[in-house]
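Here's a quick tour of a protein fold for anyone just starting out. Have a look at the sequence and the 3D view, then work through the notes below.

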Amino acid sequence: MTHPTDPVPFTSSYIKSREIPLGPTAIGGEGFLVVAGPCAIESYDQFSQTANAVAQAGAGALRGGIFKMRTKPEAFQGLGFDAFDIVRRVARETGLPMISEVTDPRQIQDMGDVLDAFQVGARNMHNFELLKELGRQPKPVLLKRGLSAYLDEWLAAAEYITREGNPGVIFCERGIRSFERATRNTLDLSAVPYLKERSHLPVLVDPSHGTGVRNLIAPMSLAAAAAGADGLLIEVHPEPAKAASDGHQALDFAMFQSTMTGLRRILSAVDRPLRTHRAGRA
Ligand code: PEP
Ligand code: MN
């Protein structure tokens, strides 16, 4: 984007990546997609209320954990197969595409029936048999960065998928382990332009897991958009204090709305349209 008074035109606002279809919308290309929803699906009411609120505010796709990779075995592990009917109902009601994490190759067939894209969690980025199996599926794969993965290892993990014939890989930066303890992880926004120079695949940013701190999510969302990300993955919950997982980093509906208001300003400055529900279906 240039202005007549610019002494030198700014030419590197973002590098355009390949557009990957996602149900009725897409990730990559010119548009910017916000994927939002709870860390874990807990009930029909919780997921449906969240889905409607985020759609209203400008999200273009839904997230919601079905099988959760929790640190402790006694923690809530997700509703598992009991969530499938909830996902079908909410996806039908909202018309939004759905992304959720697959934790085991044995879930792929059934998950493929209810999802528009598979998510590979940070803990499974190095699970190459899972990646290869997803490479043989007809739906896109959102590949999170491993907890302490080098960028080159992450690029190689994506190749495990694409080499099997599935070109639809989307990177998602979700923070890495560092010495810093004030935030849950250290969000590496330099990964965005780095990956875009090295690959044609789209890059999303997850400021929820990337910071683990509710008040840091809006500023990091805006920074991600300015850095050239193709979208965001944000955790939202109707009552964060009561969430079964990751409540400390979940936005309530008002915070999500205000994040979207700020985001629209940045997107207009970098000349990128938001892929909203309606725009996505057009
Ligand atoms: C998630 O997105 O719900 C999740 C578990 O993220 P990560 O794999 O990045 O920890
Ligand atoms: Mn989570």
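G112 sits in helix α3, which spans residues 108-114. Keep in mind that this is a predicted model. Is G112 buried or exposed? With a relative accessible area of 16%, G112 is buried, because the cut-off for buried is under 20%.

**More on G112**

- Leaving out neighbours within four places in sequence, G112 is in contact with F118 and K139.
- G112 and K132 are 20 residues apart in sequence, and their C-alpha atoms are 15 Å apart in space.

**The barrel**

- Eight strands close into a barrel here, and their order is β3-β4-β5-β6-β7-β8-β9-β10, with parallel pairing.
- Going from one strand to the next, the twist averages 25°.
- What holds neighbouring strands together? Strands of a sheet pair through backbone hydrogen bonds, and they can do so parallel or antiparallel.

- Strand β3 covers residues 33-37, and five of its five residues are buried.
- Which residues sit on which side of β3? L33, V35 and G37 are on one side, V34 and A36 are on the other, and all are buried, which leaves both faces of the strand covered.
- β3 pairs with β10 in the parallel sense over five bridges, and A36 stands opposite I234 of β10.
- β3 also pairs with strand β4 (residues 61-63), again in the parallel sense, over two bridges. Here A61 in β4 is the bridge partner of V35.

**Strands β9 and β10**

- β9 and β10 (residues 231-235) form a parallel pair with two bridges.
- L204 stands opposite G231 in β10.

**Helix α5 against the sheet**

- α5 packs on the sheet, where it touches β7 (141-144) and β8.
- The direction of α5 makes about 155° with that of β8.

**Helix α6**

- Which residues of α6 (residues 191-198) are buried? They are A191, V192, L195 and K196.
- If you look down the axis of α6, those buried residues fall within an arc of 125°, so they line one face of the helix.
- The cover over the buried residues of α6 includes α5 (151-162), β8 (169-173) and β9 (203-205).

**Helix α8**

- In α8 (residues 217-226), the buried residues are I217, S221, A224 and A225.
- Looking down the axis of α8, you'd find its buried residues within an arc of 95°, so they line one face of this helix.
- What covers them includes β9, α7 (207-211), β10 and α9 (253-269).
- Just after α8 comes G228, which takes a positive phi of about 105°.

**Aromatic rings**

- How many aromatic pairs are there? The count comes to four.
- One of them is F81 with F84: their ring centres are 5.1 Å apart and their planes are at 50°, so this pair is tilted.
- F81 is partly exposed, at 46% relative accessibility, whereas F84 is buried, at 7%.
- Another is W154 with F171: the ring centres are 5.1 Å apart and the planes are at 75°, so the pair counts as edge-to-face.
- Why does that pair tie together separate parts of the chain? W154 lies in helix α5 and F171 in strand β8, so the link joins parts that are 17 residues apart in sequence.
- F67, F81 and F84 form one aromatic cluster.

**A charge over a ring**

- Where does R89 lie? R89 is over the face of Y44, at 3.7 Å from the ring centre.

Key
Residues numbered from 1 in each chain as written. Chains lettered and ligands numbered in written order. Predicted model: local features only at pLDDT ≥ 70, side-chain atom pairs only at ≥ 80, totals over all residues. Heavy atoms only, no water. Buried < 20%, exposed > 50% of the residue type's maximum accessible area, 1.4 Å probe, protein only. Helix = DSSP H or I, 4+ residues; strand = E, 2+ residues; numbered from the N terminus. Arc of directions from axis to C-beta. Contact = heavy atoms within 4.5 Å. Phe/Tyr/Trp six-rings, centres within 6.5 Å; stacked < 30°, edge-to-face > 60°. Lys NZ or Arg CZ within 6 Å of the ring centre and 35° of its normal. Pairing = 2+ DSSP bridges. Axes fitted to C-alpha atoms, helices over the stretch in contact; angles between N-to-C directions.
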